[in-house]
Every structure is written in C-alpha cells, then in structure tokens.
Amino acid sequence: MDQLLAGDGLSPNDIRRFLTRIAAIVVDEIVQDGDAAAAIDTITALEELKAAAAGAQAVLTTRVADTIRHQRRDAGIPAARWNTGIATQIGLARRDSPHRGTTHLGLARALTTEMPHTLGQLRRGDLSEWRATLLVRETACLTAEDRRLVDTRLCADPATLAGQGDSTVAAMAARLAAELDAAAVVRRKASAAQQRRVTVRPAPEFMGQLGALLPMDRAVCVWATLRRDADTIVATGDADGRTRDQVMADLLVERTIGLAPTMGPPVAVQVVLSDETLLGGGEIPAEVPGYGPIPAAAARAWISGAVDSDATVMLRKLYATPDTGHLTAVESIARCFPTGLARLIDLRDRTCRTPWCDAPIRHHDHIRPHEDGGPTTADNGLGLCAACNHAKQGDGWTTTRTENPDGTDVHTVEFRTPTGHTYRSVPPALPTPWKRAG
C-alpha cells in the first residue's frame, strides 16, 4: 500500500492487480456483512471510481497521442501521417472498436485542452463519462473560447449539474451553445443532415433493428404517418389481431419493398449452414453474414419458403477441415478468381478482423504485405473495414500469421501496434457438428 501511495517502482500491471484486489476484498466484505446501506454506499463509491478512471484515461490518451505525434514529427514523417492509427491503438487498449477509439480520442482532446472544469469533475468522480461526453458533443461546434465559457458556467460549480439527468445535461449545454454562437449551431444542423443514413443491426430471437438517421421533421413525419394509418387499420377491425406497433412495422415493410407480412424477402441473402442442418434435420445453428447465428429450424423454414414462392435459391459448397471448422476453400461459380477469393475471405472472417471491431468488411488486405512478397491467397488475406485498413498502413504496424498454442491452424493473426502491444484475432467458426468427447 505504501508503495502504491508513493508511486515508486509500480508498473501498470501492479496498479491493475492492486485495484482489482481491493475491489474484490471490498465486495466480499460487504456481501458477508449483509448491510444493505453499506452496499449502496459502496456501489456509489465504485461508480465514482469508474468516473475517476475515465478521467485518468482521458489524460493518458492525450499524452499518448501527443507523444506519438512528436515522435513521428522528429522522425521526419510527413504531417499528414502523424495521426494515422492512433485512434485504433486507443480502441485496442480499451478493448473497444477503432470507431469508439476515435470517440475516446476526441473526448480526451476536448477535455484536456478546452474543458478543464468538466475534466476536474470527471476525475473527482462527480460526473460520469457519458455525461462528460454529452457536454463535449453538444459544444463541438463552438470555438475553443466559447467552449471554455460553457465549461465554466456548467461545471465550475459541481452543484450546477448535481442530480440532473442525461437529457437535461445535454439540453443545458445545447442551450448555452445556441446563445453563444447561433450561427455555428445552424451550420452544424446543416452539416448533420448530410449524415442521414439507414442502418440495420442484429436483435435477439432472429430479429433485426432497422434504424434511419433523418432530419427531425422528416423522422417525426414518417413515424406519425405510420402511426396514423395503423390506428385507422386497428379501429376498422382490419388488423387481424395485430397490435398497433405490429401494424406499423408491417406497413413500413410493405411500403418500402412491397411485401405483405407473410411473404419472404426478394433480395439475395446469404445463409451459411452445414449440410446436416439443411438436409438432415440437424440443430446446428446457421449463420447470416452481417447478422449472426439463427436457429437451424428458422434457416430451413426460410429456405423452404423461398423455394415454395418460386424465388431463386442457389447453393454454393464450402470446404472446411472437420476438426477445427477452418474454411479452406469455396466452390466458385464466377470466372474471376479474385472475386471468389474475396468471397471466401468474407465468409470466413464475416466482420473486420481487428479485435473488438464488428464493422462490415470493406477491404481485403495482405497479412504479409504484397510489396514484401506476400502472396494473394486466402491464408495471407484478411477482411478489414476501411478505417482499420488505413490504420494498419501507418508506421510501426505489423500483422503476422501465427500458430495457436495447441498447434491448430485456424487463421490466427497477430496485430502489433507501434507501441509494441500485440493483439490476436481468430475468425469465428463455421456451422459444423459438435465433437463430443469419447
């Protein structure tokens, strides 16, 4: 304990082990004591510790970025490449995606250079990391001087935001931003409209969440129209037992792609499943690239429904080693070999191979660079998102094919960052039968 307080000769691993041990001891003592009031106090204390840790991470993140930039500047590297890959390193260090790494880096830079009172509250545990993020987000359009004014008015006195919820904190910051620079807020609104998009993400129970980022007036208009028409259908008794929410969802599908609720999708969708699942009634889950696993019965029903509706159903054989499920080849129906090779990598890797990154694959890259003699093969290829591929091109990054400790070959790739840290990536297994012992 004395060594920790003095800060002498302690490595980051020493500090991590100490804090983890202290947290375990505290929790064990509270659980054994059975004092509910003491447990609540401890939960609050741990929440403050989380905030303080986030504040420390922000300071360290800025120092790391500045150190790397200075090293690259002193090495004569062009200024355009000073920032390459830094956000990805931050994401990996926090066991987060490169996209989140960019967010962490931007938050740290804003807090340490323009919002000292917000950072102070965060480091004292008075403000959560998410609420600090809201303050940074709502003031992003302001000049550094105006941002400091917002920081002073909202966070110089901890009592100003005490007891306020997330929406209130964001609204207070947005209101001050509009007062200080209304023109900047208007420009930000116009710029935000350029980010409109439609996204889809997996949801439990073979469902998916379809989202649309739209200007507020259009988003509300779409929702209100669906609700109005759904209320009419329910009121006239034409809902066939469906709730208003279900009718709204069905109307959205029908008006977008012209499908009734009972019809299958006309768009090509890939489903990866074992022959036993498709033909033998097996229960090994299938895989939908971009979504994830689905129950075997659901996959069979989906495919049989497509056949019954006269949709085109095409089978393509994949070849995998029986013991590991490692994809080794794919039957190609295309004449261009690179297209077939890219498809194999997509099916094997499914999402970006950078650890903790779930972004869709956009680039097919060489593990051993092509200019260094790396072959264009499945074993030397990996799928990456655009951001991770660009980061990997930065100075000091290397990727290497390695063997697993157990000697199996499942296309393990080791990422080594400019700071010397290594992270291992293994592709997800294909749907293959389970091997039972004995």
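This is a predicted model: local features need pLDDT of at least 70, side-chain atom pairs count only at pLDDT 80 or more; totals for chains, interfaces and linings use all residues.
## Cysteines, a buried threonine and a strand pair

A disulfide is a covalent bond between the sulfur atoms of two cysteines. For C357, the closest cysteine sulfur belongs to C352 and lies 3.9 Å away, which is too far for a bond, because a disulfide calls for sulfur atoms within 2.5 Å.

| Residue | State | Relative accessible area |
|---|---|---|
| C221 | partly exposed | 46% |
| C357 | buried | 6% |
| T354 | buried | 5% |

What surrounds T354, once its neighbours within four places in sequence are left aside? T354 is in contact with L92, P98, L384, C388 and F415, and this threonine, buried at a relative accessible area of 5%, sits in the loop that runs between α15 (337-349) and β7 (363-366).

One of the contacts of T354, L384, is also part of strand β8 (residues 381-384), where L382 and L384 are buried on one side while G381 and G383 are buried on the other, so that both faces of the strand are covered. In a regular strand the side chains alternate between the two faces of the sheet.

Strand β8 pairs with β7 in the antiparallel sense, and the pairing extends over four bridges. Within these strands, D365 stands opposite L382 in β8, and L382 is among the buried residues of that strand.

Methods
Residues are numbered from 1 along each chain as its sequence is written. Side-chain values use heavy atoms; hydrogens and water are left out. Buried means under 20% relative accessible area, exposed over 50%, partly exposed in between (1.4 Å probe, protein chains only). Helices (H or I, at least four residues) and strands (E, at least two) are DSSP runs, numbered from the N terminus. Contact means heavy atoms within 4.5 Å. Two strands pair if DSSP finds at least two bridges between them.
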